[in-house]
Amino acid sequence: MIRRKWPAAGIGVLLAALSAGLAFPSAATAGEPTGRDAPQVDLVLDVSGSMRTRDIDGQSRMAAAKQAFNEVLDATPEEVELGIRTLGADYPGDDRKEGCKDTAQLYPVGPLDRTEAKTAVATLSPTGWTPIGPALLEAAGDFKGGNGSRRIVLISDGEDTCAPLDPCEVAREIAAKGIGLTIDTLGLVPNAKLSRQLSCIAEATGGTYASVEHQDELTDRVNELVDRAAEPVVTPVATEGGASCAKAPTLESGLFTDREEFGQQRWYRVDVLPGQELRASVSVAADRAVNPDYGVLLRAVTVHSREIVRGEATGNGRTDVLSTGLRYPEPERDDDGDDGKPAAETVCLAVTHSFSPGSGVKTTPGLPLELTIDVVDGPSGSSDVASFGLGRGWWLLGALVLTGFLAGLVWGWLSRWRLAVWRTS
């Protein structure tokens, strides 16, 4: 029995030590939201003639959409400001030019009056064309100012009929504005061409696409997207990198978004004080068809063009987002500035990617780029040397060694005691 109890006790001590070692309080993450305006959602509904088709649970697509909207309006959180925009709801004629102007704001984005919004939805009747591109352009202007999340939920049963204004290109232009607007799309017909178009719209802005064929699925999905808008988010700050370090914007800790053309290099500047550590990461997304085999390079360079450290990643076409990062601790220095305070070092961050466009693919706007910068207090030089790079894990290793030593002493004493008992008997 003794042989079984002591190993179990040793394991208990080891687990307790590991738990204690891992229970360090986590530091606050840079860019956490500290306060925001009300989240805003704009529901964009296709009211074109094809919405008369009766193939959703024995009723027309329009009737299913109305029922779903009524249930969504009842379940919308109080803090969400919601609006409704239509496309193809008013012009019944054959003039394509007029039909492609047919988009209107049925209910303005703002505090929700459920009765008024339901009354507006009840008046809708399937009518005309499917101007998705123009509707998205107008919807992007429906939102008020502020720093709350902004989300468009597009519901359609057919692809856009107003080319050459490609709705996918419209979505890319909206994303390029850096206003933090996400577009989610829902298709009411399992059609490959519609699926490709709606997927492209969603991917351009970091949104999602789903195909729904039943009224309850539509209700659940729209409710989920409206609820998602109410979740705390960090909205990236739009910035524009420079063509060189000297022309680059100076950034502080936070999350930033930019666009980078094919074959282009973007530069950003960060001031790092002695004893601080710069942590930077970048993600570049291929929001259109690109050739396989590509890479992303992030370099930290001094103002005198000396490379300090770099991070790089490569892909082979299996993923459309590529990320890499780097860390640079600024050593302590004795020299101070004119004001008696330690002088900061300006670190230049250069972002380069090797994506190349597929055949016939537009090259503008550039690919979306997201840059995270975090400047934190660096590790103590003396403690880092004494710990041989183990940091806080050093004391845990010492505790484990001491526990093993004490367990060995006890085990040896028990073994000698049992041997003495065996000899006397």
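This is a predicted model: local features need pLDDT of at least 70, side-chain atom pairs count only at pLDDT 80 or more; totals for chains, interfaces and linings use all residues.
Strand E13, which spans residues 294-302, is mostly covered, with nine of its nine residues buried. In a regular strand the side chains alternate between the two faces of the sheet. In E13, Tyr294, Val296, Leu298, Ala300 and Thr302 point one way, whereas Gly295, Leu297, Arg299 and Val301 point the other way. The residues of both sets are buried.

Two strands pair with E13. Strand E14 (residues 307-315) is joined to E13 in the antiparallel sense over eight bridges, and Val301 has Glu307 of E14 as its bridge partner. E13 and E14 form a hairpin with four residues between the strands; in this hairpin, Ser305 adopts a positive phi near 70 degrees. Strand E16 (residues 345-353) also pairs with E13 in the antiparallel sense, here over seven bridges.

A patch of negative charge occurs on the surface, where Asp57, Glu71, Glu213, Asp216, Glu217 and Asp220 gather. Helix H8 (residues 215-229) supplies the largest share of this patch, namely three residues. Another member of the patch, Glu71, lies in helix H2, which covers residues 61-75. Glu71 has a relative accessibility of 35% and therefore counts as partly exposed, since this class lies between the limits of 20% for buried and 50% for exposed residues.

Conventions:
Residues are numbered from 1 along each chain as its sequence is written. Side-chain values use heavy atoms; hydrogens and water are left out. Buried means under 20% relative accessible area, exposed over 50%, partly exposed in between (1.4 Å probe, protein chains only). Two strands pair if DSSP finds at least two bridges between them. Patches are made of residues with over 30% relative accessible area and no salt bridge: like charges are joined within 9 Å, nonpolar side chains (Val, Leu, Ile, Met, Phe, Trp, Tyr) within 5 Å. Accessible areas come from the Shrake-Rupley method with a 1.4 Å probe; for residues, only the protein chains shown count as cover. A salt bridge is a side-chain nitrogen of Lys or Arg within 4 Å of a carboxyl oxygen of Asp or Glu. Lys and Arg count as positive and Asp and Glu as negative; His and the chain ends are not counted. The place of a charge is taken as NZ of Lys, CZ of Arg, CG of Asp or CD of Glu.
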